[in-house]
Every structure is written in structure tokens, then in C-alpha cells.
Amino acid sequence: MDHAAVFYQELPKVELHAHLNGSVSFQTIEKLISRKPQLNIEHSMTAIGKGQRRTLDECFEVFKVIHKLVDTEEDILMVATDVIKEFAADGVKYLELRSTPREEKDTGLTKKNYIETVIKAIQQCKNEGVDIDVRFLVAIDRRNGTEVAMETVKLAEDFMLSSDGLVVGLDLSGDPTVGNGKYLLPALEKGKNCGLKLSLHLSEVPSQLEESDLLLNLPPDRIGHGTFLHPEVGGSQSLVDKVVKNNIPLELCLTSNVKGQTVPCYSQHHFNYWYQLGHPSVICTDDKGVFCTDLSQEYQLAASTFGLSKEDIWKLSQQAIDCIFAPEDVKQQLKHKWKELYPQVFK
Ligand SMILES: CNc1ncnc2c1ncn2[C@@H]1O[C@H](COP(=O)(O)O)[C@@H](O)[C@H]1O
Ligand SMILES: [Zn+2]
């Protein structure tokens, strides 16, 4: 590792936008492939390498392949455990993982088992003393419509009450070109009213103005991407005003957006727009496995693209603490940790 990279690796970090099945590393995919050789899946089908790009549509094909590889409780336990340990090894001190509970008739996997297994992985890592605080957001796939969303919210609510604070919220994700948020509004409202925090993928593609406007009225607690919210890219000032007025943090994923081609190049990433506004923006990975990145790399990319100093980067990672969904005492613990680590990182 070169000298510059060491700083980003040692920088304590908060990861708030990580889809479990998009975060599966090369090594873990290898283990999954060897468990299921009959599927004839090759590594090139599960990741988008350096310099490569895909359309967003093609990215969603990649998730389908990974879902074939991850379809038992055993797989989920391994994947979640590996992903948590990899984030910890990358210097992430607080992680909110998100994942869509799936039922698999062939293996007998139920949505309830699915969530229980992710929680089990989190607890096992904790018991092993892995230095990372992990929470879970239950994801709603927008493709599946009202009824499934309601069912997911109910599950999330049950686990919020029984998981000892590990389940903290809901995510709305899935192919942004499919479905419409307006049908999911009642489910999201219900979740919010029972105390689940909301992180919603908003305006990941153009022409979602109406939907974004509607969903912003909830309002969500955080926004994923928000690529096309501002007027310069076809959004509107009123959308920006709503985000600013409600002080809703954005989760920004540079490599994901460039490799998925919703943003033409790093220098044109909307990080710059929101950072210039002084709006809370958190650097995240989205799908570290699929996009072949990690959070250290994303911070380094932000720094080199937008000319941020090490102090700027430190502030960015520290301010992310205020955007987490875990309660105030956890924020205080993390702030304390950052303070302690400062001299070591800037030695
Ligand atoms: C690239 N931009 C993106 N936009 C929207 N949704 C995304 C996404 N990347 C991932 N997902 C969502 O996360 C699922 C995979 O993880 P889980 O099976 O839930 O753990 C995908 O199927 C999709 O619903
Ligand atoms: Zn995402």
C-alpha cells in the first residue's frame, strides 16, 4: 500500500449505504462458486472491474447472478460474516448493512430466517470482538409493490423490537426504472410511524421528479444517491429546498454511479454540488463487491477528484457520525473513538 492509501485505510470510517449481496468480495464469491459448481457461474458475471462500465440495467443482472449463489441460510451467514469483517479490516467502525429479505422455495429459506441469519452474523462478529458496530436496515425492493412492502415493514417492525437495537430502519431500493414510489408510500409511512428510520434511494435516474417530490414529503431520514435532484441535471430547486430545509443527509457513492453510468465521470459527480452547499453528505460504497471498491478507496477518490485536504476528509468521516440511525449514546461513543484515533491517523 502506498503512503497516501495508508491514511485512508487508517481513517476511522462510517459506512451507511452497503447492500449485503452487492458487497460480497472476490474471495467470498469464490467460496460460493465452489459450493455450487453446477450453476456454472464465473467471476466475470458478479463484478465490474477497474475501468469497466455497465448500464444500470446490466448492474441489476449482476445482482440476479449473485442471488443464485446466495440462497441458503448457510450462504447468508457466510456472506454477512465475511462482509462485516472486510468492512472492519478497511477501518470501518460503524456499519449499516441493508438487505432485501428473500424467500427461496427450493432451499426452504423464508424472509424471517433471512433476517434472523443476518442478525446472527452481526452477533457472532460482535462476540468474536470484531471492532465494528453493525446495524441492519431491512430493504424493500421497489419492484415488488404495495403488498410485499407492507409485509416487509411488518417484519422489520417485529425485529426492531426483538433484535436488541440491531434493526434500526428501512431501505427503499431496487431497479429505479421499475415500479413507482407512490404505491409504497403507505408502507413507508407505517414504518416511520412505528419508529423505523428511512433511507430511500431517490432520483438515482432522471425523470423521477414527481416520485422524489412525493417521497420527500415523508420526509426520509436519509437519501441514497439523489443524483438527479438539483436543477443543473434536470431536477428542481424546490426538490433541493426540501432536502436542505429538512436537513436530510445524502449517501453518495462515487464509483457506483460512474460504473453504473448515471454520472459521466468522477469530476462531474454531484458530491461537489452538495459539498459546496455545506449539506451533510456521507461517502459510501453501495456495492463494494460488484463495483470492486472499498470505503477507503472512495474517500481517496473524493479527495483526489475534488481537491480535499486530509483535514477535510477527517471532517467528512467525522460528520458522518451525526447521520447514523443508531441512538445518541452510540454517536457519543463513536465521536470519542474518533478523538482517540486522531493522533494515530495524523502521526
Ligand atoms: C447500483 N444502484 C442500486 N440502486 C438500487 N438498488 C440497488 C443498487 N445496488 C443494489 N441495490 C439493491 O440491492 C440488492 C442487492 O442486495 P441485497 O440482495 O438486498 O442484499 C439489489 O437486488 C437491489 O435491490
Ligand atoms: Zn444503493
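Trainee: In which helix is the place of Lys111?

Mentor: Helices (H or I, at least four residues) and strands (E, at least two) are DSSP runs, numbered from the N terminus. Lys111 has its place in helix α5. The model is predicted: local features need pLDDT of at least 70, side-chain atom pairs count only at pLDDT 80 or more, and totals for chains, interfaces and linings use all residues. Residues are numbered from 1 along each chain as its sequence is written, and side-chain values use heavy atoms, with hydrogens and water left out.

Trainee: Is Lys111 buried or exposed?

Mentor: Buried means under 20% relative accessible area, exposed over 50%, and partly exposed in between (1.4 Å probe, protein chains only). Lys111 has a relative accessible area of 17%, so it is buried. Contact means heavy atoms within 4.5 Å. Not counting residues up to four places away in sequence, Lys111 touches Pro101, Arg102, Glu103, Val148, Glu151 and Leu155.

Trainee: In what order do the strands of the sheet lie?

Mentor: Strands of a sheet pair through backbone hydrogen bonds, either parallel or antiparallel. Two strands pair if DSSP finds at least two bridges between them. Here 8 strands form an open sheet in the order β1-β2-β3-β4-β5-β6-β7-β8, with parallel pairing. The edges are held by β1 (13–19) and β8 (281–283), each with a single partner strand, so one side of each is left without a neighbour in the sheet. Axes are lines fitted to C-alpha atoms, for helices over the stretch in contact, and angles run from 0 to 180 degrees between N-to-C directions. On average, neighbouring strands of this sheet are turned by 25° against each other, direction ignored.

Trainee: How many bridges join strand β3 to strand β4?

Mentor: The parallel strands β3 (residues 133–141) and β4 (residues 167–173) are joined by 6 bridges. Phe136 stands opposite Val167 in β4. Across β3 and β4 lies helix α6 (residues 145–162), running at about 160° to β3.

Trainee: How much space lies in the largest pocket?

Mentor: On a 1 Å grid over the protein atoms alone, a cavity is a set of points where a 1.4 Å probe fits but cannot get out, and a pocket is an open set with protein on both sides within 12 Å along at least five of seven lines; lining residues have an atom within 4 Å of a point. Grid points are joined across faces, edges and corners, and a volume is the space filled by probe spheres set on the points. The largest pocket holds about 720 Å³ of space. It is lined by 36 residues, of which Phe63, His67, Thr100, Asp141 and Gly174 are the closest to its centre. Helix α3 gives the largest share of this lining, 6 residues.

Trainee: Which residues line the largest cavity?

Mentor: The lining consists of Arg142, Gly174, Pro176, His201, Leu202, Ser203, Glu204 and Gln208. The space in the largest cavity is about 40 Å³. Ser203 belongs to the loop between β5 (197–202) and α8 (209–216), and at 1% relative accessibility it counts as buried. The C-alpha atoms of Ser203 and Phe228 are separated by 5.2 Å, although these residues are 25 residues apart along the chain.

Trainee: Is Ser207 buried or exposed?

Mentor: Ser207 has a relative accessible area of 69%, so it is exposed. Ser207 also lies in the loop between β5 and α8, and it has a positive phi of about 65° although it is not a glycine.

Conventions: Chains are lettered from A and ligands numbered from 1 in the order in which they are written.
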